Each structure stands twice: as C-alpha cells, then as structure tokens.
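Here is a short report on one residue and one chain interface. Please look over the sequence and the 3D structure first.

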Amino acid sequence: MIEWIVSACILTGAALMFLAALGIFRLPDLPTRMHASTKAGALGTSLIMIGVAFAFMDVAVTARVVAVVTFIMLTAPVAAHVIGRAGYFVGVPLWEGTVKDVLRDKYDPKTHHVESGLEEVEGPPKPITYGMAECPVLQERDEFEPKKSDPGG
Amino acid sequence: MIGFLWNLLLALAWATLSGNFSGPSFLFGFVLGYGLLALLERELPILHGYSRRLPRFIMFLGFFIKELVKANFKVAFDVATPLWYMKPGVIALPITAETDVEITILANFISLTPGTLILDVSSDRRVLFIHAMFLYDEDEVIAELQEIERRVLEILR
C-alpha cells in the first residue's frame, strides 16, 4: 500500500518537473516561462519530498521534508517575481498573443515610481504603515528630519 | 503568530515532560496546548483570536492545495498540447492589505498559484500588478484572487 503512495507521489512529481522543463523550452515569453518553471517545479519538488517522507516513515526525515517544502514554497514565488519584474521593466517584449497590459504606461523608468491608477478615484494615498508605526523611536526620528537648506546660502 | 509559537512550545514541553519525543506524543501535546490557549485567550490580549485562526489556517491550506493542483493541471495541459489556449495579460488587482507583512504573504500566495505571477506593487501600495496566463474573463480572475486575499487576511488579522 505504502509503495503505491510513494510511487504515485514520486512519479507525479517527476512528471510535473518534466512539464516545467518542457514549459521553459516551449512557452513564448519570459513571464509565461516563469509561470511554468516555478509553480510546476515547486509542486513537483514538494510531491517528490512527500514521497520520500512516506518511504522512510521516520520523524527525522519527515521534519526535514516539512522544512524543504516550506522553504521552497517561501522562496520560489519570490524568485519568480524578481526575475519576471526585472525582465518586464528592462523591456523584454511580451508574446504577441498578450491581450492586455495595464502596467506599461504606469511605470516611470527614471524614478521607478509605479502609479496605481486609483489616485483620482480614492483621493490622496493612505499613510504608509510599516507595522512599527507605533514605535516611539521611529516617530521621534521623523520629527528631527534635517530641514532643507536655503537655495542661496 | 505568537499564539502558534506558544502552542509549539507547550507541545515541546509536553513531549519533554512525558519523556516521549515521538510524533503522536508531540501531536497530543499540541492538541492539549491548543485547548489551553483557547481557554486563556480571553484573559491575554496577545493571544486574541488564536483559537479561531488555527482552524481557518488549516481550512485555507486545504483550499489552497486544491487551487494549486487545479491550476497546475491547466498550465500543464497548455504546455503539453501543441496549440496555445492561453491568453496572457497584465491586470491590476486593488488590494485591501496594508502592512508590509500582509502584502508580502498575499503576494507570495498569489504567485504560488499557477497562472498568476506578481509583477509589481504600486508605489502607494493599493494595487498589485499581476501577469495572468488565462485571461478569458478578467472579472472572474479578479474575483478568484480577491477570494484568496479575503482568506489570507482573515488569518492574519
């Protein structure tokens, strides 16, 4: 019984990784390639690791499997985002079948400022909260920001 | 998050005190700790809402794995067949997540579902720009993503 679960997990995982590789080879542009490589790759690796956990049935191995899966799930999307974003803003052309692109004219390559397109609808932006807004040290530092010197002096 | 750490600590304490470091013993300690924290959360503001958040998190994991597998099959089908069924495009998703942590976790989960890739967040943090692979119906894609956002924020807040 266990052998069947192990085989199913590892074979599905390997098939997914193969599809990910095929996706990199076949898909037409950078963002779609990132879709194939990271997600199918992440799920494929996770499935293989789960198969390994079932094969060994050991607490130490299972703990490591959980750690591996967690870290892959945490890091794979970040890597995909960084590569995709860099490629997009450097100007790598999108596939001609792309039906919509709302970001291109909202990005300013000089200042790296990205408009949301909601400025007029919802009024001025909310104050940015960093999760530490209540921290008194940070608030004090804001008050003592150096003032700009006069243009003449 | 702090509640979960306390729960792990209590489970570890149970495993240590009973001198039995096996998986089931740890799990039993975790369940006992969960019951204890559920009783304590009314007294301690730092634990507030923990007993409701853990079942929601497990429900979310189930929902997320279902979405992950479903969408993986969709992408795999498109890669494996010779014709392209995809309609890629970049869309804007208005978000209600505000802090750095919320936006990061939300973006990570959205990026993990195949067919959606985060490209950027607008400088005023109100909109996520997403590269979607199957953009047949934009409203439907946005509704699905907002469902993920609602569930993620339910756990974090």
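## The model

This is a predicted model. Read every value below as computed from it.

## G13(A) and its surroundings

G13(A) sits in helix α1 of chain A, which covers residues 2-26. Is G13(A) buried or exposed? G13(A) counts as buried, because it has 22 C-beta neighbours inside 10 Å and the cut-off for buried is 20 or more.

Which residues does G13(A) touch, leaving aside those up to four places away in sequence? They are G44(A), T45(A), L47(A), I48(A) and G51(A). Take T45(A) from that list. T45(A) lies 32 residues from G13(A) along the chain, yet their C-alpha atoms are separated by 6.2 Å.

## Where chain B meets chain A

On chain B, 40 residues are in contact with 43 residues of chain A. Several elements of chain B give two or more residues to this side: α3 (50-80), β1 (89-94), α4 (100-112), β2 (116-121) and β3 (127-132). Of these, α3(B) gives the most, with six residues.

What is the make-up of this side of chain B by class? It has 22 nonpolar, eleven polar and seven charged residues.

## A strand pair across the chains

Strand β1 of chain A, residues 100-101, is joined to β1(B) by two bridges. The two strands run parallel. Within this pairing, K100(A) stands opposite G89(B), a residue of β1(B). β1(B) is also one of the elements listed above for the side that touches chain A.

Methods: Residues are numbered from 1 along each chain as its sequence is written. Chains are lettered from A and ligands numbered from 1 in the order in which they are written. This is a predicted model: local features need pLDDT of at least 70, side-chain atom pairs count only at pLDDT 80 or more; totals for chains, interfaces and linings use all residues. Helices (H or I, at least four residues) and strands (E, at least two) are DSSP runs, numbered from the N terminus. A residue is buried if 20 or more other C-beta atoms lie within 10 Å of its own, exposed if 12 or fewer, and partly exposed in between; C-beta atoms are placed from the backbone. Two residues are in contact if their C-beta atoms, placed from the backbone, lie within 7 Å. Ala, Val, Leu, Ile, Met, Phe, Trp, Tyr, Cys and Pro count as nonpolar, Asp, Glu, Lys and Arg as charged, and the others, Gly among them, as polar. Two strands pair if DSSP finds at least two bridges between them.
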